[in-house]
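Here is a walk through one structure, taken a site at a time. Keep the sequence and the coordinates open as you read.

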Amino acid sequence: MTGASVPGAGGVGSGGVPVPARVARRPRGRVPVGLVVAWLVVGLVLLWAVVPGLFTAYDPIAGVPAEKLRPPGAGHLFGTDAVGRDVFARVVHGSVHSLSGALVAVGVGLLLGTLLGLLAGAAGGVADAAVMRVVDVLLSVPGLLLALTVIILLGPGTVNVAIAVGIGSVAAFARLARAEVVRVRRTDYVEAAFGSGGRFGAVLWRHVLPNSLGPVVALAALQFGAAILAISTLGFLGYGAEPPTPEWGLLIAEGRNYLATSWWLTTLPGAVVVAVVLAAGRISRSIGRERG
Amino acid sequence: MTRYLLSRAGQAALVLWAAFTASYVLLQLLPGDSILIKFQNPELGLSPQQIAEIRAYYAGASPLADYAHTLLGFLTGSFGYSIDTGTPVVERLAEALPETARLASAAFLLAVVIAVVIAFAASYSSASWLRGALLSVPSLFISVPAFWLGILLIQIFSFRLRLVPVIGGSEVQQLVLPVLTLAVPISAPIAQVLARAIDQVYAQPFVPVIAAKGASRWWILWRHVARNAVLPTLTVAGLTLGELIAGSVVTETVFGRAGIGRLTEQAVNAQDTPVMLAVVVLAAAVFVLVNLLVDVLFPILDPRLKGAAA
């Protein structure tokens, strides 16, 4: 790791101090239990999104009024809501909205951010200064406010929310990608590639980009979790999917009216969100350690 | 030193101006139409012609003149009029600001306390499992959706334990849960950076020297290590302040409190662009000013940086 640790939420890692410190090194051959659990959680939720029918037989939209507000038990793992819908079925079927939204968000941030960072770091000079000022401006507005501004512009909806969240993460990707590109740009093999007559674009694509991507991939994993969090927040505020859709944030928002009597409506879907975001963070750290 | 200050202040002003311009342009591109949202209601019985007149009333001479007018307004402290309520944006902000300021400042203090406790406990504990557990707390904190945490707190403290009344209650009682909700996610990055900074300082050669002279572990941590770890922590703390305003959107919605966050939510729903513009510029201003302050404080707190800054 050359000083570029994965920044925490909100692009923290500044300061530029080299980081040796006490890095906990795992003894060879021991299985990292936390990491395995993290991959299991992500894998399970991915399966939920792809084949929800395997995990629950209940319908996520149509409820059985006679079975309303049942607490969690053998029949209904997460209980049922006010119109008798199985909450677990809604969480399982809702995963596709959260995951695809997060994928779009990370895609937007990764693509735009890496492109900006690559250009700034490779071109240098005025272009670099200009791009980094734009990044400064993006960083000066909190992510949620930036997302809300984009939502005012595009209107509410699942895709728009995902794009809004993605735009909020462009700055973090751009800054990290630029730092990496600047580092790789100075290495001997890049100089050699230029020296042996490689064109600017070709060298960038063949040598600079692949060698700069490690930390960026780690950030992408971290942002995947952050995007799930942000999307569920915007869903909770009512800017995401329309009501019958079992989106995670919306699910929790709907459960708010039954706080006094039915704790499971808000607590259990929220716990799923926490598990997925934690898992994404854990995976991100392992990628950062291996490739950074 | 003066030159450093001036150039940093200039940069800050530039970022703020760019943030204003970017959000102005973005919000002007709006395909939706706040004037239509407010006046198209058939009950108002407005003819298309009258709506056109209203539109002319709100619109300026040309886009550029509009921009110059708005920018001049922001510089002189007049943020225009809310399209939703028709009142000056300044009034709405002034109404909402004290509530949010109280919430955010209390939450920030609590976040710092939580972060210091986690980082100190982690670096002081000798058992590695305890240290690992404490260091993973921040990752948990940033993975918790703030709105869910707020709901959970209401459920536990208001409905189960009945410690905090849902409705009514004293000022302090009303503030406790929202402050906790806002503080938890903000404490995480501060704790992470403080813990890492403490580790870095421990790796420096002066620490064994002090220990060899007979200083106790606590004395080393408090008098020498923590002092040196303050600088990077200050940087992150500055970065999180902007998040307080964003966090207040969620917190105020969950707890039904008035404030900047609620104002933002209303502005988004009504596509009230002047209010949204003012909120975004306010958040950017807080962020830029606080970070400028941190940069200015750096050479004062750490004399070693004076040479570098000049």
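F20(B) is buried, at a relative accessible area of 3%. Buried here means under 20% relative accessible area, exposed means over 50%, and partly exposed lies in between, with a 1.4 Å probe and protein chains only. Y24(B) is buried too, at 7%. This is a predicted model, in which local features need pLDDT of at least 70, side-chain atom pairs count only at pLDDT 80 or more, and totals for chains, interfaces and linings use all residues. Residues are numbered from 1 along each chain as its sequence is written, chains are lettered from A and ligands numbered from 1 in the order in which they are written, and side-chain values use heavy atoms, with hydrogens and water left out.

Stay with the aromatic rings. Over all chains, the whole structure holds 9 aromatic pairs. Rings of Phe, Tyr and Trp (its six-membered ring) pair if their centres lie within 6.5 Å; planes under 30 degrees apart are stacked, over 60 edge-to-face, and the rest tilted. The ring centres of F20(B) and Y24(B) are 5.9 Å apart and their planes meet at 25 degrees, so this pair is stacked. Both residues sit in helix α1 (residues 2-28) of chain B, and because they are 4 residues apart there, about one helical turn separates them. Helices are DSSP runs (H or I, at least four residues), and strands are runs of E of at least two, numbered from the N terminus.

Now move along chain B. W218(B) and W222(B) are also a stacked pair, with 6.3 Å centre to centre and 0 degrees between the planes. They lie 4 residues apart in helix α10 (residues 217-255) of chain B, so about one helical turn separates them. W218(B) is partly exposed, at 44% relative accessible area. W222(B) is partly exposed as well, at 49%. Together with F120(B) and Y124(B), these two tryptophans form one aromatic cluster.

Two further sites in chain B follow. S158(B) is in helix α7 (residues 146-160). It is buried, with a relative accessible area of 6%. Neighbours within four places in sequence aside, S158(B) contacts L153(B), V164(B), V166(B) and L177(B). Contact means heavy atoms within 4.5 Å. G77(B) lies in the loop between α4 (63-75) and α5 (89-124). That glycine is partly exposed, at 39%.

Turn to chain A and its helix packing. Two packed helices are described by the angle between their axes and the distance between the axes. The axes of α6 (residues 170-185) and α8 (residues 200-237) of chain A come within 9 Å and cross at roughly 135 degrees. That makes α6(A) oblique to α8(A). The crossing is right-handed. Residues in the contact include F173(A) and L176(A) from α6(A), and V208(A) and L219(A) from α8(A). By class, the contact has 12 nonpolar, 4 polar and 3 charged residues.

Finish at E247(A). Is E247(A) buried or exposed? It is buried, with a relative accessible area of 3%. E247(A) sits in the loop between α8 and α9 (248-255) of chain A. Residues up to four places away in sequence aside, E247(A) touches H97(A), S98(A), I231(A), S232(A), G235(A) and A241(A). Its C-alpha atom is 19 Å from that of Q223(A), 24 residues away along the chain.

Technical notes. Axes are lines fitted to C-alpha atoms, for helices over the stretch in contact, and angles run from 0 to 180 degrees between N-to-C directions. Angles under 35 degrees count as roughly parallel, over 145 as roughly antiparallel, 65 to 115 as roughly perpendicular and the rest as oblique. A crossing is left-handed if the near helix is turned anticlockwise from the far one by less than a right angle, and right-handed if clockwise. Ala, Val, Leu, Ile, Met, Phe, Trp, Tyr, Cys and Pro count as nonpolar, Asp, Glu, Lys and Arg as charged, and the others, Gly among them, as polar.
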